[in-house]
Amino acid sequence: MAKRHTFNPSHTTLTVHPQALSAYNTWLKFRQKAPSIHLKNIDVDHKPLIRIIPYQQNHYQYFDSFSRVSDIFQYEYKTRQPFVIIKGDDRQISRMSWVEVLKLCSSQNINHSLLWQNLKKECAPSILKELMACDYLRVEDYCFFANISIEHYQYQQKGIADNKRELGLSQNMDWLND
């Protein structure tokens, strides 16, 4: 059973769970820089809970809520934070970490073509299919999930190809047919 705790992140080690590391790195690469909502002066009982897994004494690992944890590290590290300590299940941890990345599909100004390439490279196909509720991992499936047109996706894809050509990189365009 999960236990609710509060503690000060400046006195506790909090790291990304190894099963979430690939998703976290993908999230870092594609996250949108946006103004943060500062919750420093919000009562600890009213702040969003962060789920963590015990690792060692005074060391915990997180696997989702990447944006919230980032805000805590940047703006609230000296303020008590609410956490729920849970037991770890690697498959569930992996799923939840990729949920954080898939949330980026609805962000403005995201490069969907690059994000989709990265998702297919880094995330297990079975997890992507499950979370996107699709049977295949085609561009059409991604576009439907991200609520964008295929033309929008292709336009961004063409921009990537143009940039590579300008940089003198390989002009093999076979990947456009993915």
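How many helices and strands are there in the chain? There are seven helices and five strands, where helices (H or I, at least four residues) and strands (E, at least two) are DSSP runs numbered from the N terminus. This is a predicted model, in which local features need pLDDT of at least 70 and side-chain atom pairs count only at pLDDT 80 or more, while totals for chains, interfaces and linings use all residues. Residues are numbered from 1 along each chain as its sequence is written, and side-chain values use heavy atoms, with hydrogens and water left out.

Read from the N terminus, the order of elements is β-β-α-β-β-α-β-α-α-α-α-α. Of the 178 residues in the chain, 39% are buried. For that word I use under 20% relative accessible area, with exposed over 50% and partly exposed in between (1.4 Å probe, protein chains only). Contact here means heavy atoms within 4.5 Å. Taking contacts between residues at least 6 apart in sequence, 73% join residues at least 24 apart.

Now the helix packing. Axes are lines fitted to C-alpha atoms, for helices over the stretch in contact, and angles run from 0 to 180 degrees between N-to-C directions. As for the names, angles under 35 degrees count as roughly parallel, over 145 as roughly antiparallel, 65 to 115 as roughly perpendicular, and the rest as oblique.

The axes of H1 and H3 come within 8 Å and cross at roughly 10°. H1 is therefore roughly parallel to H3. On the H1 side the residues are Ser22, Ala23, Thr26 and Trp27, and they meet Ser97, Trp98, Glu100 and Val101 in H3.

H1 also packs on helix H2, residues 66-75: their axes come within 11 Å and cross at roughly 75°. That makes H1 roughly perpendicular to H2. Ala23, Tyr24 and Trp27 of H1 make this contact with Phe66, Ser67 and Ser70 of H2.

Next, the aromatics. Rings of Phe, Tyr and Trp (its six-membered ring) pair if their centres lie within 6.5 Å; planes under 30 degrees apart count as stacked, over 60 as edge-to-face and the rest as tilted. The structure holds ten such pairs. One of them, Tyr24 with Trp27, is stacked, at 6.0 Å centre to centre and 25° between the planes. Both residues lie in helix H1, residues 21-30, three residues apart, or about one turn of the helix. Tyr24 and Trp27 are both buried. Another pair, Tyr142 with Tyr153, is tilted, at 6.2 Å centre to centre and 55° between the planes. Tyr142 lies in helix H6 and Tyr153 in helix H7 (residues 150-166), so this pair ties together parts eleven residues apart in sequence. Tyr142 and Tyr153 are buried. Tyr24 and Trp27 also belong to one aromatic cluster with Tyr62, Phe66 and Phe73.

Some backbone details. Most residues other than glycine have a negative phi. Asn58, not a glycine, has a positive phi of about 60°. Asn58 is in the loop between strands E3 (50-56) and E4 (59-62), and is partly exposed, with a relative accessible area of 40%. Ser65, in the loop between E4 and H2, has a positive phi of about 55°. Just after H6, Asn147 takes a positive phi of about 60°.

Last, H6 and the cysteines. H6 spans residues 139-146, and its buried residues are Val139, Asp141, Tyr142, Cys143 and Ala146. In the loop between H5 (125-132) and H6 sits Ala133, which counts as exposed at 70% relative accessibility.

A disulfide is taken as a pair of cysteine sulfur atoms within 2.5 Å, and the count comes to zero. Cys143 is buried at 2% relative accessibility, and Cys134 is buried at 14%.
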